[in-house]
Amino acid sequence: MKAALKRFLASRAGWRLCAPLRPRGVYVLMYHRISAPGDFFGGVSVDNFRRQMEWLRDHCTPVWPEDVLRATQYARRGKPPVVVTFDDGYRDFRTRAWPILQELGIPAAVFLATQFMDRGGLLWTEQLEWAVRSSKATEVVPPWQPDAAVLLETEAERRAFVRAAKERLKDAEDDDRRRWLESLLDRLCAADPESVLGRQMLSWEDVRACTENTCFGGHSHTHPILSRVKDGGLDHEIRTCRDRIEGETGRYPKTFAYPNGRASDFDGRTRATLAKHGFGLSFSTIEGVNRPETDRLALRRLHNWDSGAGELAALMARTR
């Protein structure tokens, strides 16, 4: 029954029929990885991404991220404005997402954690996941809980520890998070991920190859939780990110997305530092539709899971 309803919502007739029930505003879709069978890290599959983008082209009005505020003024319910965004800067944007977006004429924003364009490697959350899931260790003592060993004998135990460790480290002060993560990685003794998986992040050459129809914005330099970073480190994260993007692309970035993006992950200091370094729009991961009164430094987005057009239509239809 639910599947049939979602298919109806995604149809031309269903989308038109539910238009009066949808809020007027701009929807911003958030993606991370676009995945293929055999990938270690999950994401939205290439096939589902194509289905979603084809549906988006036919039933919505794709707009540039810089046009969010203007688009809130003329947003229609029938073909609502939608912005497509990608966080972090994964290499599969160039190899899998960008060709589809180019073919369909849909603009997108990619928010870059610039250290990883410079050096490669994995974001700290994925370093953690890789180390736990690939380590030969059958137990580990978390550095933040030295009196309790955690069993890693089954895949379920490993995945549960990854979830718990991510949440613990996200809530820690950034200095503690870095220290604890380094200690945990040492204890797990996992292989270098790039030697097994290959490069996972865009290079600057990749970035420059995708500038047509793509806006590159900031996502910090090393991807910390910005509200947990001290003042000097916060300025460095945002300024360095801006300077690296401008230096490598020749374009001054005006848009930003907060790492993790919960309401607790950015604060007044973060907003002031963004404004100081020329960022006029910033995107959170707080769910909702953007209206004229929405804070331009806390724009809302919808986290889109690996699903087809019906699920995307249902997600947008129920969002307020």
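In the predicted model, the side chains of Arg57 and Asp58 meet in a salt bridge, with 3.0 Å from N to O. Both partners are partly exposed: Arg57 has a relative accessible area of 36%, and Asp58 has one of 32%. Side chains of opposite charge can pair when their charged atoms come close.

Glu129 counts as buried, at 14% relative accessibility.

A related arrangement is seen in helix H9 (residues 174-188), where Arg177 and Asp174 are three residues apart and therefore separated by about one helical turn. Their side chains meet in a salt bridge of 2.7 Å, N to O. Arg177 is buried, with a relative accessible area of 5%, and Asp174 is likewise buried, with a value of 6%. Elsewhere, salt bridges that share partners link Glu167, Lys170, Asp171, Arg228, Arg262 and Asp265 into one network.

The packing of helices was examined next. Two packed helices are described by the angle between their axes and the distance between the axes. Helix H1 (residues 2-10) packs with helix H14 (residues 309-318) at an angle of about 80°, and the two axes are 7 Å apart. Angles of 65 to 115 degrees count as roughly perpendicular, so H1 and H14 are roughly perpendicular to each other. On the side of H1, the contact is made by Lys6, Leu9 and Ala10. On the side of H14, Ala309, Gly310, Glu311, Ala313, Ala314 and Ala317 take part. By class, the residues of this contact divide into six nonpolar, one polar and two charged.

Strand E5 (residues 81-88) contains Phe86, which is buried, with a relative accessible area of 2%. When residues up to four places away in sequence are not counted, Phe86 touches Tyr31, His32, Ile34, Phe49, Phe93, Ala97, Leu101, Ala108, Ala109, Val110 and Phe111. Phe86 and Leu104, which are 18 residues apart in sequence, lie 17 Å apart in space, C-alpha to C-alpha. Strand E5 also holds Asp88. This residue has a positive phi of about 90° although it is not a glycine. Asp88 is buried, with a relative accessible area of 4%.

Thr114 is placed in the loop between strand E6 (108-112) and helix H6 (115-119). At 0% relative accessibility, Thr114 counts as buried, because buried means under 20% relative accessible area. Leaving aside neighbours within four places in sequence, Thr114 is in contact with Trp204, Ser220, His221, Thr240, Cys241, Arg244 and Ile245.

Glu157, in helix H8 (residues 155-170), counts as partly exposed, at 27% relative accessibility. With residues up to four places away in sequence not counted, Glu157 touches Leu151 and Leu152. Glu157 and Val63 are 94 residues apart in sequence, and their C-alpha atoms are 43 Å apart in space.

The cysteines were considered last. A disulfide is a covalent bond between the sulfur atoms of two cysteines. With a cut-off of 2.5 Å between cysteine sulfur atoms, the count comes to zero disulfides. Cys210 is in no disulfide, and the nearest cysteine sulfur, that of Cys215, is 13 Å away. Cys210 counts as buried, at 0% relative accessibility. Cys189, in contrast, is exposed, with a relative accessible area of 63%. Cys189 lies in the loop between H9 and helix H10 (193-197), and it has a positive phi of about 55° although it is not a glycine.

How values were computed. Residues are numbered from 1 along each chain as its sequence is written. This is a predicted model: local features need pLDDT of at least 70, side-chain atom pairs count only at pLDDT 80 or more; totals for chains, interfaces and linings use all residues. Side-chain values use heavy atoms; hydrogens and water are left out. Buried means under 20% relative accessible area, exposed over 50%, partly exposed in between (1.4 Å probe, protein chains only). A salt bridge is a side-chain nitrogen of Lys or Arg within 4 Å of a carboxyl oxygen of Asp or Glu. Helices (H or I, at least four residues) and strands (E, at least two) are DSSP runs, numbered from the N terminus. Contact means heavy atoms within 4.5 Å. Axes are lines fitted to C-alpha atoms, for helices over the stretch in contact, and angles run from 0 to 180 degrees between N-to-C directions. Angles under 35 degrees count as roughly parallel, over 145 as roughly antiparallel, 65 to 115 as roughly perpendicular and the rest as oblique. Ala, Val, Leu, Ile, Met, Phe, Trp, Tyr, Cys and Pro count as nonpolar, Asp, Glu, Lys and Arg as charged, and the others, Gly among them, as polar.
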